[in-house]
Each structure stands twice: as structure tokens, then as C-alpha cells.
Amino acid sequence: MLILLAFIIVFHITSAALLFISTIDNAWWVGDNFSTDVWRMCDTNTSTCTAITDEFNEYQSIQAVQATMILSTIFCCVAFLVFILQLFRLKQGERFVLTSVIQLLSCLCVMIAASIYTDRHEDLHQSHGYRMEVSKGQYGYSFVLAWIAFAFTLISGVMYLVLRKRK
């Protein structure tokens, strides 16, 4: 049982790390001489970055992605703290249900964020607020990490439900 708990703890921490990296790092959409995420657009030739503000046509979509990624990261961290508390406080059979619900909320939030970005990426990168042509880019590793974090948080949430029945 201790090995299983250690595996789940490592899996949960990995999920949180993926969420932090995909939320913070500037590589949701990349090209030859630029990289952009949900916070700013950077020109790699001159090493200058421009914050994404309400000048952009699809700023509401970007704000929705920002909010849901932040919520997902917060939910994942809260779920880990609740897991640690429930590990020592609750009796057998009642454990980890709340942790599972919170982790599944994290999963839902990251899915919403990545889905919005996937659906709106053409409109997001046609905006006139960019100083350079960003429509010829491709999805970056932060976007991919967001989808991997979705899978990890989903698996983690289901594992907590299964684990509640274990002795």
C-alpha cells in the first residue's frame, strides 16, 4: 500500500508540475522567429516581449484560457493538500472522495482551456495586435503539456476514487 501511495504522490506532483509549466512558459504557439502563449508574444530575434492586452481581437478567449489554466493549477495543488489531510484524518471508505472531485475539477478546467485555445487558435493568431506574422506558426510544447496534464489529472482523479476502497 505504501508503494501505491508513493506512486500516486509522485503522479500528482508530476501533474501539478505539468500544469505550472504549461501555464507559465511561453510556448503555446511558436514559429521561426516568435513564440506566444496566453500572456505575451515574444520576438526571438530581438528578445522583446509584448503583453497580450485588450488590443487583440480575441482577448476574451485568451482571458478564458488564462483563467481556466490558473484554476486548474490551483485545484491540482488544493487536491494534493486535501489528499495529505485525508490520508491521516478520515477512516477507510471515506478517504479521497473529496480529493478525487477536486482533481477532476482540475482536469475539467485544463480541458476547457486547451479546448478553447484549440478552437480559437486561427482567430487568435490573425489579430492585428501582433507586431509580426504569427499565423504561420504551430502548436508549441506548452500546449502539448496542457493536454498531457489533462490526461494526468483525469487518471489521477480516477485513481483517487479507486484508492478510496483499498485497505
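# Close-up views of a predicted model

**View 1. Val134 is found in the loop between α3 and β5 (138-139)**. Helices and strands are named from DSSP runs numbered from the N terminus, a helix being a run of H or I with at least four residues and a strand a run of E with at least two. The model is predicted, and local features therefore need pLDDT of at least 70 and side-chain atom pairs count only at pLDDT 80 or more, whereas totals for chains, interfaces and linings use all residues. Residues are numbered from 1 along each chain as its sequence is written, and side-chain values use heavy atoms, with hydrogens and water left out. Val134 counts as buried because its relative accessibility is 2% (buried means under 20% relative accessible area, exposed over 50%, and partly exposed in between, with a 1.4 Å probe and protein chains only). When residues up to four places away in sequence are not counted, Val134 touches Trp29, Phe34, Met41 and His125, where contact means heavy atoms within 4.5 Å. Val30 is 104 residues from Val134 in sequence, while their C-alpha atoms are 8.0 Å apart in space.

**View 2. The largest nonpolar core has 26 residues**. A nonpolar core is here a set of buried Ala, Val, Leu, Ile, Met, Phe, Trp, Tyr and Cys residues that are joined through side-chain atoms within 4.5 Å. The residues with the most contacts inside the largest core are Trp28, Val65, Met69 and Tyr117. Two or more residues of this core come from each of the elements α1 (2-24), α2 (59-89), α3 (97-124) and α4 (141-163).

**View 3. Ser156 lies in helix α4**. With a relative accessible area of 0%, Ser156 is buried. Once its neighbours within four places in sequence are left aside, Ser156 is in contact with Phe11, His12 and Gln103.

**View 4. The structure holds 12 aromatic pairs**. Rings of Phe, Tyr and Trp (its six-membered ring) are paired if their centres lie within 6.5 Å, and the pair is called stacked when the planes are under 30 degrees apart, edge-to-face when they are over 60, and tilted otherwise. One of these pairs is formed by Phe83 and Tyr160, and it is tilted, with 5.1 Å from centre to centre and 45° between the planes. This pair links distant parts of the chain, since Phe83 belongs to helix α2 and Tyr160 to helix α4, 77 residues apart. Phe83 counts as buried at 0% relative accessibility, and Tyr160 also counts as buried at 0%.

Tyr117 and Phe143 form a tilted aromatic pair, whose ring centres are 5.9 Å apart and whose planes are 40° apart. Tyr117 in helix α3 and Phe143 in helix α4 are 26 residues apart, and their pair links distant parts of the chain. Tyr117 counts as buried at 1% relative accessibility, as Phe143 does at 7%. Ring pairs also link Trp28, Trp29, Tyr117, Tyr139 and Phe143 into a cluster.

**View 5. A disulfide joins Cys42 to Cys49**. A disulfide is a covalent bond between the sulfur atoms of two cysteines, and it is identified here as a pair of cysteine sulfur atoms within 2.5 Å. A search of the whole structure finds 1 disulfide, and the S to S distance between Cys42 and Cys49 is 2.0 Å. The torsion about the S-S bond of Cys42 and Cys49 is about 105°, so this disulfide is right-handed. Cys42 counts as buried at 9% relative accessibility, whereas Cys49, with a relative accessible area of 45%, is partly exposed. Cys76 is in no disulfide, and the nearest cysteine sulfur, belonging to Cys77, is 5.8 Å away. Cys76 counts as buried at 1% relative accessibility. Cys109 is likewise in no disulfide, the nearest cysteine sulfur being that of Cys107 at 9.3 Å, and Cys109 is buried with a relative accessible area of 9%.

**View 6. UniProt places the feature "transmembrane region" at residues 64-84, 96-118 and 138-163**. The UniProt entry is unreviewed; its positions are given in the numbering used here, feature names are shortened, and annotations may be inferred rather than shown by experiment. In the model, residues 96-118 are 96% helix and 0% strand, and the end C-alpha atoms of this span lie 32 Å apart. Residues 138-163 are 88% helix and 8% strand, with end C-alpha atoms 39 Å apart.
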